[in-house]
Amino acid sequence: MSAKEIKNLEDIFEAKIARDEKIEPKDWMPEKYRKTHIRQISQHAHSEIVGMLPEGNWITRAPSLRRKVALLAKVQDEAGHGLYLYSACETLGISREELYEQLHSGKAKYSSIFNYPTLTWADIGAIGWLVDGAAIINQVPLCNTSFGPYARAMVRVCKEESFHQRQGYEIMMTLCNGTQEQKDMAQDALNRWWWPSLMMFGPTDDESTHTEQSMKWKLKRKTNDELRQQFIDQTVPQADILGLKVPDEDLKYNNETGHYDFGEIDWSEFWQVVKGHGKCNKERIKARKEAWHNGEWVREAAMAYADKQDKRTTKQTG
Amino acid sequence: MNNQNLTHYLYGLADNALILGQRLSELCGHGPTLETDIALTNIALDLLGQTRSYYQYIANLSHENLSEDDVAFLRKEHEYRNVLLVEQPNADFAYVITRQYFFDVFHFLMLEKLQNSKDLNLKAIAQKSIKEVSYHKRFSGDWLKRLGDGTELSQEKVQNAVNDLWVFTNELFETSKADQTVLKELQIESPETFKSDYYKIISSTLEEAKLNVPEVTYFQEGGKQGIHSEHMGYILADMQYMQRTYPDMKW
């Protein structure tokens, strides 16, 4: 293809995005667009799958049957999100095996929040409330992103996430209306999950490398700092209703800006976890690898059986 | 109807669903593929849903203002009436599937009978559950065939699972004196009446899956009488952890 032809295709592509039309898998797209989308969608899919582990840690110990069923269903929803997102990613010309390989080798990232341990039942409430709450703020704009399969997957993901968030908040509410021991458990969970939740929006805008291009492709509509502020403004009053204290001495409502001012985020902790030195990085990847390796003979058996069935059918009809 | 006998009988039904649901929920997030992970979790959810229906019924029968959670979490090990089969560990996917299929076929046949029970609560639970269980049976049966007629390795693994778990099948049909009284009063056919059908169905699936029907001279039992395997204590330690550590709280 000549440079002129490519330029022409690029112009058509850019114009489509500018008109808010969707890019579909069979449409022409610049290689960089494809790669960026594989990176972002797979990172999102991996986060869903790795994210099953910290919450899965409490399924067998959930304190009531109702909570057990709700948690099981929630973790299953995350598997479902992983499934649509991997499928969306596969339309860009990469296989699920390759995607898993990237996760297992450490080449692909997933959300660092899942490298923190779930130590008490209140962590299940805090994850729903804070982590899913932050995820929704990150994800709602993606329902209008330019790549069709991703945008459509996100519509469903966001609906379910918002249900999960309410469920998490309801767990916190129950604890905060309970005994002193339960309130302490809730406060302890908030203390541990607050700062990592703020870090979920990524580095500050001047440190973020992908923002500008992502804005253009509608992979992003607001900056990391704007989203983080939105989360804080929305969440602090919820903590007040629970009667819990947000663990930030500098947190204060600013009448002039109409936003909460907040303290300095410990970015050294953020980078430490991103680089693999969080409490659970090793365990999470180990669990994923084990599931994949232990399942290898099962997947091979299913393929072998399907081949045999095909041959049998061909024999009968042929 | 004597409530004590009925409660005893209901525990026999409900505890199987609870313990198998608990076992399957250990696997959530660790399945061989995302699709099987989701499917096994679905089965766990169905079983736990059925458990809740039975326990709510038991709680209503009691005069002590019990809740479904008291019934689920606050009994001692010997008070659980589940069969040994459902406590067996998730040793590998072959064990999970075989345990499931051995249970599902029984569960389906039992619910068929329960649907005609004179007890309207039981009838309603059975009518709802049988739709779910017919799916469970199809899932586990299909996988049994895939593993049996898949690769040499999968055949070896699943044959081992069949051999090891076969000894637990007979207990599914065991009924206590109290069970028998309930079955008679509610006009539910005893499991004995479909035992030969059960083994016929299982044997025919095993044959189709290119697996051998094990020949054993003895069967293991005890769960239904409250004498469990060593696994059971650990299952309960996990399951009851919160209720035991933080008694009398709302969650």
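User: What do accessible areas come from?

Analyst: Accessible areas come from the Shrake-Rupley method with a 1.4 Å probe, and for residues only the protein chains shown count as cover. In this predicted model, chain B exposes about 10600 Å², and carbon and sulfur atoms supply 47% of that area. Local features need pLDDT of at least 70, side-chain atom pairs count only at pLDDT 80 or more, and totals for chains, interfaces and linings use all residues. Side-chain values use heavy atoms, without hydrogens and water, residues are numbered from 1 along each chain as its sequence is written, and chains are lettered from A and ligands numbered from 1 in the order in which they are written.

User: How many helices and strands does chain B have?

Analyst: Helices (H or I, at least four residues) and strands (E, at least two) are DSSP runs, numbered from the N terminus. Chain B has 10 helices and zero strands.

User: Is Pro32(B) buried or exposed?

Analyst: Buried means under 20% relative accessible area, exposed over 50%, and partly exposed in between (1.4 Å probe, protein chains only). Pro32(B) is buried, at 8%. Its place is the loop between α1 (3-25) and α2 (34-61) of chain B. Buried residues make up 60% of the 251 residues in chain B.

User: Which residues does Pro32(B) touch?

Analyst: Contact means heavy atoms within 4.5 Å. Leaving out residues up to four places away in sequence, Pro32(B) touches Phe93(B) and, in chain A, Ala291(A), Trp292(A), Gly295(A), Val298(A) and Arg299(A). Pro32(B) and Asp92(B) are 60 residues apart in sequence, with their C-alpha atoms 10.0 Å apart in space.
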